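Let's take a walk through this model together, piece by piece. Have the structure open and follow along.

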Amino acid sequence: MTVRIGLIGAGRIGAMHAANLAALRTPEGAPAVRLSITDAVPEQAAAVAARTGAAPRPTVRALLDDGVDGLVVATGTASHPELIRAGLQAGLPVFCEKPVALSVEEAMPLLDEIERVQGVVQIGHQRRFDPGYVRARELHASGALGWLHTVRAVTGDMTPPPVEFLATSGGLFRDCSVHDVDVLRWITGREVTEVYARGSNRGDPRIGEVGDVDTALAVLTLDDGTVATVAATRYNGAGHDVRLELQGSQGSVAVGMDEHMAMRSAEPGVGFPAGPPHTTFHDRFAEAYRREMAAFVQVVRGEIPSPCTARDAVAASRVADAAQRSLETGAAVRVEPLEAAPGAGRPAGRR
């Protein structure tokens, strides 16, 4: 069955989603998606439409009037709440890049609205679709690892983004490590109860001048006592390095330990890994992004529930906020359950 998807935002990530949606096929080999695209820069939408066979539309209203079955939001964070609401008001399942809003406080009323209208919203935490993370979750759920005693998550960008972006990103934990937090919650099924963070800035001094750090580490305590560390840096010159280690009483497993791992062994005679390292997150998670869009099409068809709800994403953002506060204050920060936060309602239902 072909579905009609409207995509708002034709920048780098929007163009990637458009290409992935356009490549999806039905079992009979026909296009699985009929795509409409709009962007604040019409020429940009037209260019992406020409490459993907999509229909360019001049405005969001015109796109919604196309009679689309689902909506993909790939715009700047400030516009996310407004566009999610537009999709909900049109009765559409919505996919939106993370985060839900500029702040957790702004997101909370939106969670209540999603629940009230029984809306279906999927947030773009693509690591949930990466084959390595999926396998790690399966192994943990099966009991093969025993009980977890230590979890280590690493995200290292090869080079930092522009300082202009960092000035508005909310900080390294909110911008980068929130992905580690989300997948940590998803794999373990546990909540974070406390965060203690430290950071440094030894690269471009302008990063410090805009209030950020280029390297940080957070120690997370989970609600069952498991200890986790989340490390991030903007200056991993060896390549784009994203890994997760689960160490348990019966076994241990690592995600990202493949031929493209951005790390070399110092042991004599060891040639692993032999392949070239990944250089960007698009490269590292290309398959995950493809699977993410395929899953959203299933959501639109009503075949599966949202694989990453807005509530999931806000819960991860609250932990990232706590890490940022700990970084700023030098003290450990307690993380209360999301349901205890002001304005929090019950978990959102699905249609």
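**A guided tour**

Start at Tyr196, which counts as partly exposed because its relative accessibility is 34% (buried means under 20% relative accessible area, exposed over 50%, partly exposed in between, with a 1.4 Å probe and protein chains only). You'll find Tyr196 in strand 8, residues 192–200 (helices, H or I with at least four residues, and strands, E with at least two, are DSSP runs numbered from the N terminus). Together with Val219 and Val227, Tyr196 makes a nonpolar surface patch of about 210 Å² accessible area. Patches take residues with over 30% relative accessible area and no salt bridge, joining like charges within 9 Å and nonpolar side chains (Val, Leu, Ile, Met, Phe, Trp, Tyr) within 5 Å. The areas come from the Shrake-Rupley method with a 1.4 Å probe, and for residues only the protein chains shown count as cover.

A word on ground rules: this is a predicted model, where local features need pLDDT of at least 70 and side-chain atom pairs count only at pLDDT 80 or more, while totals for chains, interfaces and linings use all residues. Residues are numbered from 1 along each chain as its sequence is written, and side-chain values use heavy atoms, with hydrogens and water left out.

Now zoom out. The protein splits into domain 1 (3–119) and domain 2 (131–280 + 329–334), with bounds from an automatic or database domain assignment. Their C-alpha centres are 29 Å apart. An unreviewed UniProt entry annotates residues 133–253 as "domain: GFO/IDH/MocA-like oxidoreductase"; such annotations may be inferred rather than shown by experiment, with positions in the numbering used here and feature names shortened. That span is 30% helix and 36% strand, and its end C-alpha atoms lie 10 Å apart.

Seven strands line up as 12-11-7-10-9-8-13 in an open sheet with mixed pairing (two strands pair if DSSP finds at least two bridges between them). Strand 12 (252–255) and strand 13 (333–334) sit at the edges with a single partner strand each, so one side of each has no neighbour in the sheet.

Strand 11 (residues 241–248) pairs antiparallel with strand 12 over four bridges, and the two form a hairpin with three residues between them. Strand 7 (residues 148–156) is also an antiparallel partner of strand 11, over eight bridges. Leu244 in strand 11 is the bridge partner of Ala153, and Leu244 in turn has Val255 of strand 12 as a bridge partner. Glu245 stands opposite Ala254 in strand 12. Glu245 also belongs to a salt-bridge network with Arg152, Asp241 and Arg243.

A salt bridge here is a side-chain nitrogen of Lys or Arg within 4 Å of a carboxyl oxygen of Asp or Glu, and that rule gives 22 of them. Arg234 pairs with Asp212, with the closest N and O atoms 3.5 Å apart. Arg234 lies in the loop between strand 10 (227–233) and strand 11, and Asp212 in the loop between helix 9 (205–209) and strand 9 (215–222), so the pair ties together parts 22 residues apart in sequence. Both Arg234 and Asp212 are buried.

Finally, hop to Asp65, in the loop between helix 3 (60–64) and strand 4 (70–73). Asp65 counts as exposed because its relative accessibility is 56%, and Asp65 forms a salt bridge with Arg61 at 3.3 Å between the closest N and O atoms.
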